[in-house]
Amino acid sequence: NLYIGSGNLARIIIDTNGNTNMPHQPAFMAIPTSAQNNFPVNSSTTMEFGTEVFDQNDDFTSNAFTAPITGRYQINVNSYMQYVDTAASYMQVTLVTSNRNYYHIIDPNFSGDLAYYSLQINALADMDAGDVAYVSVYQASGTAQMDNIAGSFSAILLA
């Protein structure tokens with residue numbers, strides 16, 4: 001194996017088959033610890049991701065990812081909503097980053113309240129070192145009944 005790094009801190013490992021491992025490459029997956037119930041109406045609310053499935057470079061904390069270096073990051077968001085109110089004008093999930101925001105918005109003009117609905121955002125986000133990314137939810141009008149019961153938020157560096 002070829003190890004690139006100093007001391008015991010191998011930053012890049014290439015095995016005899018040419019497989020490359022970068023164990024300090026930013027990558028994480030975080031999920032809600034419990035349901036986040038009754039999102040308020042006409043107000044942006046940060047989605048809470050209290051459980052880290054993994055956090056390879058310790059870049060995720062307090063419901064947000066902080067870019068360790070300037071580059072392009074593939075960020076994927078899945079919001080698993082329950083009790084989506086059809087009386088709402090619209091509801092949106094936003095991936096908020098320091099440089100720009102990425103949206104998934106729907107007009108829940110269905111024949112009845114939805115028991116379950118999933119919204120996804122997949123973005124190749126340009127981020128500078130120290131920039132932060134987090135997820136927010138907004139519901140315009142209607143009843144504060146929508147819940148986030150499960151979801152995931154993951155990112156890997158592509159720079």
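Trainee: What does the accessible surface of the chain come to?
Mentor: The model is a predicted one, and its chain has an accessible surface of about 8200 Å². Carbon and sulfur atoms hold 48% of that area.

Trainee: And how much of the chain counts as buried?
Mentor: The chain has 159 residues, and 40% of them count as buried.

Trainee: What box do the C-alpha atoms fill?
Mentor: Along the principal axes, the C-alpha atoms take up a box of roughly 60 × 25 × 25 Å.

Trainee: Next topic: how many helices and strands are there?
Mentor: There are 14 strands and zero helices. Read along the sequence, the pattern is therefore β-β-β-β-β-β-β-β-β-β-β-β-β-β.

Trainee: What share of the contacts with a separation of 6 or more comes from residues 24 or more positions apart?
Mentor: Such pairs account for 71% of those contacts.

Trainee: Which order do the strands of the open three-stranded sheet have?
Mentor: The order is 1-2-3, and the pairing is antiparallel. Strand 1 (2–6) and strand 3 (20–21) are at the edges; each has a single partner strand, so one side of each has no neighbour in the sheet.

Trainee: How many bridges hold strand 1 to strand 2?
Mentor: Five bridges pair them, in the antiparallel sense. Within this pairing, Gly5 is found opposite Ala10 in strand 2.

Trainee: And what joins strand 2 to strand 3?
Mentor: Strand 2 covers residues 9–14, and two bridges join it to strand 3, again with the strands running antiparallel. Here Ile14 faces Thr20 of strand 3.

Trainee: Back to strand 1: how many of its residues are buried?
Mentor: The number is zero out of five, so strand 1 lies largely in the open.

Trainee: Let us turn to the aromatic residues. How many aromatic pairs are there?
Mentor: The count is five. One of these pairs is Phe28 with Phe60, which is stacked, with 4.6 Å from centre to centre and 25° between the planes. The two residues are 32 apart in the chain and link distant parts of it, Phe28 being in strand 4 (residues 27–31) and Phe60 in strand 7 (residues 60–61).

Trainee: Why is the pair of Phe65 and Tyr73 edge-to-face?
Mentor: Their ring planes stand at 65°, with the centres 5.3 Å apart, so the pair falls in the edge-to-face class; the cut-off for that class is over 60 degrees. Phe65 counts as buried at 1% relative accessibility, and Tyr73 is buried at 0%.

Trainee: Which residues form the aromatic cluster?
Mentor: Phe28, Phe60, Phe65 and Tyr73 form one cluster.

Trainee: Last topic, the charged side chains. How many salt bridges does a search of the whole structure find?
Mentor: The search finds one. In this salt bridge the side chains of Asp126 and Arg100 meet at 2.3 Å, N to O. The pair links distant parts of the chain, 26 residues apart: Asp126 belongs to strand 12 (residues 114–127), while Arg100 is in the loop between strand 10 (90–97) and strand 11 (101–106).

Definitions and conventions
Residues numbered from 1 in each chain as written. Predicted model: local features only at pLDDT ≥ 70, side-chain atom pairs only at ≥ 80, totals over all residues. Heavy atoms only, no water. Pairing = 2+ DSSP bridges. Helix = DSSP H or I, 4+ residues; strand = E, 2+ residues; numbered from the N terminus. Salt bridge = Lys/Arg side-chain N within 4 Å of Asp/Glu carboxyl O. Buried < 20%, exposed > 50% of the residue type's maximum accessible area, 1.4 Å probe, protein only. Phe/Tyr/Trp six-rings, centres within 6.5 Å; stacked < 30°, edge-to-face > 60°. Contact = heavy atoms within 4.5 Å. Areas by Shrake-Rupley, 256 points an atom, 1.4 Å probe, with all protein chains shown as cover.
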